[in-house]
Amino acid sequence: MSTTLFLVQILNGLQLGVLLFLIAAGLTLVFGVMDFINLAHGVQYMLGAYLAVAFYGLVGNFFFALVLALAASLLFGLLLEFLVFRHLYDRDHLDQVIATFGIILFLNHAVRVVWGAAPLTLPVPEFFTGSIVLMSGLLYPVWRLVIIASGLAIAAGLYVLVTYTRIGMLVRAGATNARMVSALGVNIERLFMIVFGFGTMLAGFAGIMIAPIISVEPGMGDNILILAFVVIVIGGIGSIRGAFIAALLIGLVDTLGRSFSVDILRLMMGPSPARMAGPAIASMLIYVLMAVVLYVRPAGLFPARGR
Amino acid sequence: MLERVSSDPVLRLEGLRKNFGSLTVTDDVTLDVMPGEMHAIIGPNGAGKTTLINQISGIIRPDGGRIVFAGNDVTTLSPDARALGGLARSFQITSILPGFSVLENVALAVQARDGSSFRFFGRAADEKALNAAAMTALEQAGIAERAHARAGELSHGEKRALELAIALAMKPVLLLLDEPMAGIGREETERQVELLLRLKSQLTMVLVEHDMAAVFALADRISVLIRGRLLITGNPADVRADPQVVAAYLGEQLE
Amino acid sequence: MSGITFAAPKAKHAVAVRRDIVLPALIFAIFALLPAVAALTARQYLIDVGARMMVFAVAAVALDLLVGYAGLISFGHAAFIGLGAYAVGILSAHGIGEGLIALPAAILVSMLFAWLTGIVCLRTRGAYFIMITLAFGQMVYFIATSLAPYGGDNGLTIAARSTIAGWPLIKSDRAFYYFTLLCLLATYLFCRALVGSRFGRVLRGGKENAVRMATIGFNVRRFQLVAYIIAGGLGGFSGFLLANLTEFVAPAYMSWQQSGELIVMVILGGVGTLDGGLLGSAAYLIAEEWLSGITENWKVIFGPILVLVVLFARGGLIGLGAFLRRRFA
């Protein structure tokens with residue numbers, strides 16, 4: 001196990017973490033402010049990727065494609081909100097889960113109908129192709145660094161927005177006690193649409209940014225959605241700060257766990273059982289982490305609502 | 001019939017404290033409730049009366065101090081354990097099981113202290129012993145004729161009576177009543193006061209109430225809570241005359 | 001219908017203990033007669049489809065117990081089916097094909113998993129519960145995919161159906177069908193009894209008003225944990241049946257999509273009715289058969305149908321039946 005490999009995996013873990021944060025941020029706010037479980041958030045991410053591929057095919061330039069895809073993502077999200085979600089705010093969680101599950105089924109197969117089931121790709125924008133040397137012996141893809149950087153920038157921007165602006169204060173208040181905020185005369189419906197739209201764009205943005213380095217295919221949002229759920233459960237529903245810390249934690253634990261589980265186990269048992277047990281234990285790691293955190297703190301690390 | 005011989009309080013609060021953030025809601029409250037007494041807790045809105053009741057019944061954990069119930073320190077005990085120990089309460093905002101029948105609402109309270117509920121066979125709704133005990137409580141509370149109605153369809157006053165029936169069915173050592181007269185009319189209130197007067201000889205009760213006529217008709221002792229702090233505990237005449245209490249209520253009618 | 005109201009409590013699914021036996025009797029009669037119909041119309045595949053419906057009905061009825069009666073929305077129920085199925089598969093891979101060993105193993109493993117995860121899940125509030133059950137289900141799925149000696153991603157073929165005390169009693173499709181019917185009947189009757197029992201009453205009360213139940217003297221969480229373990233065990237039972245039905249086990253049996261489909265079955269039939277679990281699994285599999293005949297991407301049609309059901313037909317098929325009866329009776 002070399003140091004370079006270790007550092008590369010740390011960077012990979014950060015990249016996954018940043019991606020998870022972009023998806024979890026919208027999810028946790030929507031949940032915190034409106035008590036709305038949105039399983040369809042994952043397909044928002046997938047849709048971002050597909051739209052990026054589609055627009056790239058039209059305009060041939062990544063950045064134009066990004067802007068167009070973001071706009072289309074937002075429009076689509078708002079359309080979903082108008083058609084379906086706003087009728088579910090008053091319903092119990094079971095109804096919300098089933099309805100948004102129905103949307104996942106619909107969209108996962110709709111993209112299949114429109115674009116086919118074969119995975120699609122998007123080229124990395126020219127300026128950011130290739131790898132750079134971070135230190136001696138450590139080569140890392142530029143685009144992945146761009147993802148990390150943009151994710152951190154957005155996290156910082158969100159922090160400023162939520163902490164120092166009026167709208168941010170309303171969002172934080174809404175996550176703590178939406179009823180009170182509404183009673184104080186704030187148009188909670190509009191507040192929610194803003195929160196929702198923002199979350200949708202974040203998820204779409206994540207999908208667009210990841211499209212150049214993974215295969216864009218139906219169902220790509222499903223597994224990452226569940227990881228995002230683990231993030232917000234550990235971080236605390238309604239908390240951006242919690243989502244950020246939990247996302248990085250999970251990104252690192254999952255990535256490092258998968259890379260080094262066999263090696264670590266080999267220290268404790270023979271190479272053969274280690275090779276067998278390694279992947280299994282690696283896949284369990286973040287869930288065990290979740291279980292431990294929840295056992296000690298049932299409301300997550302930084303819950304928005306007072307304990 | 002409870003004898004007022006025992007000098008051990010049924011309930012003792014020692015230095016109870018509770019903060020919500022930087023707001024102190026319960027500020028070093030110490031009081032006793034003696035066996036057989038009807039102890040009223042009054043105070044202006046926002047004094048922290050319901051929070052106090054919630055701490056006594058175990059729904060909220062205090063930040064400091066002790067709660068001693070029937071000789072046992074229950075400060076960290078769960079609400080269900082306290083209930084099984086004989087602590088019953090009614091809620092300010094009616095809290096019943098609306099989908100169940102009135103009878104089943106009360107029968108459940110009987111069931112809780114009638115052997116194991118980990119029975120997977122046999123229709124609970126048909127258990128004669130539970131239903132009989134439940135009917136007795138319903139009769140005491142005056143709504144026996146509504147036994148088979150769906151609890152959610154009861155009038156507000158009937159729901160309050162149901163709350164009381166549920167509490168009575170628990171054969172409690174201490175009954176906490178959180179604003180039982182809230183939102184019910186004059187006639188209803190008079191009936192409730194009569195009922196509580198009849199129960200006085202059988203139960204120890206803590207009554208949180210705004211309706212001063214009811215308080216002075218029922219209470220043996222009154223504690224006054226202002227902004228989370230206990231101002232005075234004493235018999236009704238003394239409390240009514242106390243200048244601090246009068247000032248705190250800012251001219252509200254205490255007659 | 002925009003406008004968010006905070007004053008009204010969220011519209012919840014109501015539950016009542018029904019004593020109606022006509023509907024379940026009818027359903028079981030249809031299942032009992034299906035093999036005869038299959039023979040008469042020379043459509044042998046009906047036996048396979050019918051058996052599949054019943055296998056999933058076992059899981060769906062158990063899930064309705066959790067969702068409809070205990071108010072616990074478990075989005076990881078497929079994990080128990082998978083665990084039960086893999087118990088059969090793994091034992092078979094090591095040469096043990098005896099049902100009297102595999103069935104208890106399947107149920108015990110599921111109950112153990114339910115107990116360990118239930119302890120964590122039930123420490124949290126309702127909404128977290130859904131996500132955590134989803135996560136634990138995913139965990140089991142990933143463990144299964146990483147079990148290389150047992151097929152990993154591709155799954156594992158089982159040599160033969162379980163023997164009962166050494167005899168190949170359920171080897172034939174017909175025999176297995178009737179065996180499954182008996183299992184479903186037993187499950188259904190057990191759950192019916194449970195729901196009306198003292199235990200069931202506490203669960204139902206806990207779903208309506210947990211605070212009230214606590215102040216009466218019930219530790220609702222403890223009852224919910226027991227319910228979760230029972231439902232898990234029944235899920236494992238369903239998994240045993242599934243493994244025997246297909247003579248194959250795969251991680252897909254415990255995917256979260258499968259968990260979602262189980263909840264859909266419960267909702268389609270009518271949550272909080274138990275009969276809904278029977279109807280729902282049949283309805284879902286029929287819809288799947290019919291719609292996939294129209295297009296390979298049948299979920300494009302089914303997804304919106306689901307949304308419409310949630311918005312306009314919350315009581316599922318049973319609710320629809322009650323509505324029609326009221327309208328035209």
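This is a predicted model: local features need pLDDT of at least 70, side-chain atom pairs count only at pLDDT 80 or more; totals for chains, interfaces and linings use all residues.
Student: Which pair of chains has the most contacts?
Tutor: Chains A and C, among the two pairs that touch. Two residues are in contact if their C-beta atoms, placed from the backbone, lie within 7 Å.

Student: How many residues of chain C are in contact with chain A?
Tutor: 47 residues of chain C, and they meet 42 residues of chain A. On the chain C side, α5 (126-145), α10 (256-269) and α12 (299-312) each give two or more residues. Helices here are DSSP runs (H or I, at least four residues) and strands are too (E, at least two), numbered from the N terminus.

Student: Which of those gives the most?
Tutor: α5(C), with 13 residues. By class, that side of chain C has 32 nonpolar, ten polar and five charged residues. Ala, Val, Leu, Ile, Met, Phe, Trp, Tyr, Cys and Pro count as nonpolar, Asp, Glu, Lys and Arg as charged, and the others, Gly among them, as polar.

Student: And what about chains B and C?
Tutor: There, 29 residues of chain B are in contact with 23 residues of chain C. On the chain B side, α2 (79-84) and α3 (102-111) give two or more residues each. α2(B) gives the most, with four. The chain B side divides into 17 nonpolar, seven polar and five charged residues.

Student: How far apart are the closest C-alpha atoms of chains A and B?
Tutor: They lie 9 Å apart, and no contact joins the two chains.

Student: New topic. At what angle do α2 and α7 of chain A cross?
Tutor: Roughly 50°, with the axes of α2 (residues 41-59) and α7 (residues 188-210) coming within 7 Å. Axes are lines fitted to C-alpha atoms, for helices over the stretch in contact, and angles run from 0 to 180 degrees between N-to-C directions. That makes α2(A) oblique to α7(A). Angles under 35 degrees count as roughly parallel, over 145 as roughly antiparallel, 65 to 115 as roughly perpendicular and the rest as oblique.

Student: Which residues make that contact?
Tutor: Among them are A:Y45 and A:L47 of α2(A), and A:F205 and A:I208 of α7(A). The contact residues of the two helices comprise ten nonpolar, six polar and no charged.

Student: Now the sheet in chain B. What is the strand order?
Tutor: The order is β6-β7-β8-β3-β9-β10, six strands in an open sheet with mixed pairing. Strands pair if DSSP finds at least two bridges between them. β6 (87-90) and β10 (229-234) stand at the edges with a single partner strand each, so one side of each has no neighbour in the sheet.

Student: How do β9 and β10 pair?
Tutor: In the antiparallel sense, over five bridges. B:I222 stands opposite B:G234 in β10(B).

Student: Which helix packs on the sheet?
Tutor: α1 (residues 49-57) of chain B, touching β3 (38-42), β6, β7 (174-178), β8 (204-208) and β9.

Student: How many of its residues are buried?
Tutor: Seven of the nine in α1(B). B:L52 and B:I53 are among them. A residue is buried if 20 or more other C-beta atoms lie within 10 Å of its own, exposed if 12 or fewer, and partly exposed in between, with C-beta atoms placed from the backbone.

How values were computed: Residues are numbered from 1 along each chain as its sequence is written. Chains are lettered from A and ligands numbered from 1 in the order in which they are written.
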